[in-house]
Amino acid sequence: MTVELLAAKNVRFDEKGLIPVIVQDAVSKAVLTLAYMNEESLQRSLETKETWFWSRSRQELWHKGATSGHTQRIVSIQVDCDGDALVVQVVPNGPACHTGTYSCFAGELLPEGQERKTAGSGEKAVTAEKGSTVDRFAILGELEALIAAREAERPEGSYTTYLFEKGVDKILKKVGEEAAEVIIAAKNRSHEELRYEASDLIFHLLVLLREQKLPLDDVLDELQRRR
């Protein structure tokens, strides 16, 4: 994309020729990192459909994943209303952070006493007030982000890691098994059993959606369309 076309799209670089870029997982919607692009790295990103950035510390272009293999396939690039920031949605091939974590954003600044679970590190996540109508399904978003983190980081001993490493056939087998368990629980008229088995089914279904790179939002949109 030429300078003229970038200007036509209202993309504005700062006095150093840079623009901040928020990189977001297109599937889980988790924010992965904040980086910077100059005109050349943005053009390369547009051409290759993978993220290229400008390193302010090394003063050079860098292709994300060039050495680690943790590339980021670009799904979309959006410019904000002032034209001076970008959101790049990607499908990551591994961790986004140089420390090996799924997301660079793992630190907490919330006041003490607010318990959280985070999607990036697998230890903390979005705070939701129990019983809130708005946050009624917040756990699904938290779980989707946690599963994405497990896929990227592959921590040893994690059951989710095991599923991803075994591949789609194993995941499909588990979805089938849990669906059958749901049927049996319902036939038994056991709420406790049904609650447990339905939870297992939803978890494994979310793992399958992640393996297929299909956002939960797309499923919700389909339900909304059918309504």
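## Basis of the model

Helices (H or I, at least four residues) and strands (E, at least two) are DSSP runs, numbered from the N terminus. The model is predicted, so local features need pLDDT of at least 70 and side-chain atom pairs count only at pLDDT 80 or more, while totals for chains, interfaces and linings use all residues. Residues are numbered from 1 along each chain as its sequence is written, and side-chain values use heavy atoms, with hydrogens and water left out.

## Overall composition

The protein has seven helices and six strands. From the N terminus, their order is α-β-β-α-β-β-β-β-α-α-α-α-α.

Of the 227 residues, 36% count as buried; buried means under 20% relative accessible area, exposed over 50%, and partly exposed in between (1.4 Å probe, protein chains only). The accessible surface comes to about 14000 Å², and 53% of this belongs to carbon and sulfur atoms. Such areas come from the Shrake-Rupley method with a 1.4 Å probe, and for residues only the protein chains shown count as cover. Among contacts (heavy atoms within 4.5 Å) between residues at least 6 apart in sequence, 48% join residues at least 24 apart.

## Helix 5 against helix 6

Helix 5 (residues 168-187) and helix 6 (residues 191-211) pack at an angle of about 155°, with their axes 8 Å apart. Axes are lines fitted to C-alpha atoms, for helices over the stretch in contact, and angles run from 0 to 180 degrees between N-to-C directions. The two helices are therefore roughly antiparallel to each other; angles under 35 degrees count as roughly parallel, over 145 as roughly antiparallel, 65 to 115 as roughly perpendicular and the rest as oblique. Their crossing is left-handed, a term used if the near helix is turned anticlockwise from the far one by less than a right angle, with right-handed used if clockwise.

On the helix 5 side the contact includes Val168, Ile171, Leu172, Lys174 and Val175, and on the helix 6 side the residues include Leu201, His204, Leu205, Val207 and Leu208. By class, this contact has 15 nonpolar, one polar and seven charged residues. Ala, Val, Leu, Ile, Met, Phe, Trp, Tyr, Cys and Pro count as nonpolar, Asp, Glu, Lys and Arg as charged, and the others, Gly among them, as polar.

## Helix 4 against helix 6

Helix 4 (residues 159-166) packs with helix 6 at an angle of about 45°, and the axes are 11 Å apart. That angle makes helix 4 oblique to helix 6. The crossing of helix 4 past helix 6 is right-handed. Tyr159, Thr160, Leu163 and Phe164 of helix 4 make the contact with Phe203, His204, Val207, Arg210 and Glu211 of helix 6. These residues divide into five nonpolar, two polar and two charged.

Lys174 lies in helix 5 and is buried, with a relative accessible area of 15%. Leaving aside residues up to four places away in sequence, Lys174 touches Tyr159, Leu163 and His204.

## Loop residues

Lys49 is not a glycine, yet has a positive phi of about 65°. Lys49 sits in the loop between helix 2 (39-48) and strand 3 (52-55) and is partly exposed, at a relative accessible area of 47%. Arg154, also not a glycine, has a positive phi of about 50°. Arg154 is in the loop between helix 3 (138-153) and helix 4 and is partly exposed, at 34% relative accessible area.

Phe13 belongs to the loop between helix 1 (3-8) and strand 1 (19-25). Phe13 is partly exposed, with a relative accessible area of 25%. The C-alpha atoms of Phe13 and Asp84 are separated by 6.3 Å, although these residues are 71 apart along the chain.
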